Each structure stands twice: as C-alpha cells, then as structure tokens.
Amino acid sequence: MIYLYRIFPKLLNEKRLKSLWEQIFWLKSHIEDCYGGNHLLENLITLCIACLQFESSNSFKIYEYSINLLESELKEQILNDGGHFERSTSYHLLMLDRLCELGFILQGGLNIRPKWLEENIRKMVDWVKNVRLHNGNYPQFNDSASDSLNNL
C-alpha cells in the first residue's frame, strides 16, 4: 500500500493513514522474534520502510529500533560465506530482494547508504553466484520452493 500511496497520493486520506499507522504499531508490538530467521528480517525491513512514511517521534523510534535490530540480526543470520543461516535458497533470495528494496529506499529517500547493509547485500549476491547450478537453476534444499527459484 505504501508504494501505491506514493505513486497515487490522492488515494491517501486520514482514514488510510491512520490504518497504516495502526498496522505499523501492531507489527512492532507483535514482531515475530519467536520464529526468528527470515520472519524476523521481514518484519524489521517492513517496519523500517513503513516508518519512513511518517514524520513523528514515534515513527522515528520504531525506525531506529528496527534498523538497529536488523543490523544486529544480519550479523547473526548472514554467514561468512554470504548464505542465510536457514540454508534455504528461497529464503535467501527473498531476503536479498527485501534488503535491496530497503537499500534503494534508504538511498532514494534519506540519501543514506549504510555500510553494513551494502556489505551484507554484496556477500549475499556472491553466495547466489556461487550456488547457482550450471543449468542456471538454484539448488532446492531445506525449505525451497521450486516455483519461486525458477522465476528468477
């Protein structure tokens, strides 16, 4: 919805803005830290992106919390070889896509480019290059869905 509102700002009204904020606040208070892994990364990236749509002290606090926890989680979840610690090609590619999205938004919206984010994206891209099979497909191990891998 955020991108839709950015492209078509006339769709944004007080009711929709309030709903978006309530969803952000709900996600912050129900973050999937019990599952960890890609679930937690998804939540943190979403909170970072969503909070940038608001200019309040509360949204800034949630953004700061989320971006700092994301940096910390990436230290744990992205291994030295650049692979995601769940060792699922699908999850790895999904997280790489979301981290790139966050990077574009931070660069375009705030004109910042966190070194830790760049380094993790670079490591993850290298891992993707290293595991890609000779036929162009990706290995299907752990929780990998073949349809999500073959469409890349």
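Biologist: How do α4 and α5 sit relative to each other?
Modeller: α4 and α5 are oblique to each other. Bear in mind that this is a predicted model.

Biologist: What angle and distance are we talking about for the axes of α4 and α5?
Modeller: The axes cross at roughly 135° and come within 14 Å. Here α4 covers residues 57-77 and α5 covers residues 89-110.

Biologist: Left-handed or right-handed crossing?
Modeller: α4 and α5 make a left-handed crossing.

Biologist: Which residues make the contact?
Modeller: On the α4 side they are Y63, I67, L70 and L74. α5 brings L99, L102, L106 and L110.

Biologist: How many of them are nonpolar, polar or charged?
Modeller: The contact of α4 with α5 has eight nonpolar residues, with no polar and no charged ones.

Biologist: What does I67 touch, apart from its sequence neighbours?
Modeller: With neighbours within four places left aside, I67 is in contact with C48, L102, L106 and W116. L102 and L106 are also among the α5 residues in the helix contact.

Biologist: On to the core. How many residues are in the largest nonpolar one?
Modeller: That core has 36 residues. Those with the most contacts inside it are I24, I67, L70, L74, L99, L102 and L117.

Biologist: Which elements give two or more residues to this core?
Modeller: They are α2 (14-29), α3 (37-51), α4, α5 and α6 (115-131).

Biologist: And which gives the most?
Modeller: α3 does, with nine residues.

Biologist: Where is R87, and how exposed?
Modeller: R87 is in the loop between α4 and α5. Its relative accessibility is 26%, so R87 counts as partly exposed.

Biologist: Is N111 buried or exposed?
Modeller: N111 is exposed, because its relative accessible area is 62% and the cut-off for exposed is over 50%.

Biologist: Last one. How far apart are N111 and F54?
Modeller: N111 and F54 are 17 Å apart in space, C-alpha to C-alpha, and 57 residues apart in sequence.

How values were computed: Residues numbered from 1 in each chain as written. Predicted model: local features only at pLDDT ≥ 70, side-chain atom pairs only at ≥ 80, totals over all residues. Heavy atoms only, no water. Axes fitted to C-alpha atoms, helices over the stretch in contact; angles between N-to-C directions. Helix = DSSP H or I, 4+ residues; strand = E, 2+ residues; numbered from the N terminus. Parallel < 35°, antiparallel > 145°, perpendicular 65-115°, else oblique. Left-handed = near helix turned anticlockwise from the far one by under 90°. Contact = heavy atoms within 4.5 Å. Nonpolar A, V, L, I, M, F, W, Y, C, P; charged D, E, K, R; others polar. Core = buried A, V, L, I, M, F, W, Y, C linked by side-chain atoms within 4.5 Å. Buried < 20%, exposed > 50% of the residue type's maximum accessible area, 1.4 Å probe, protein only.
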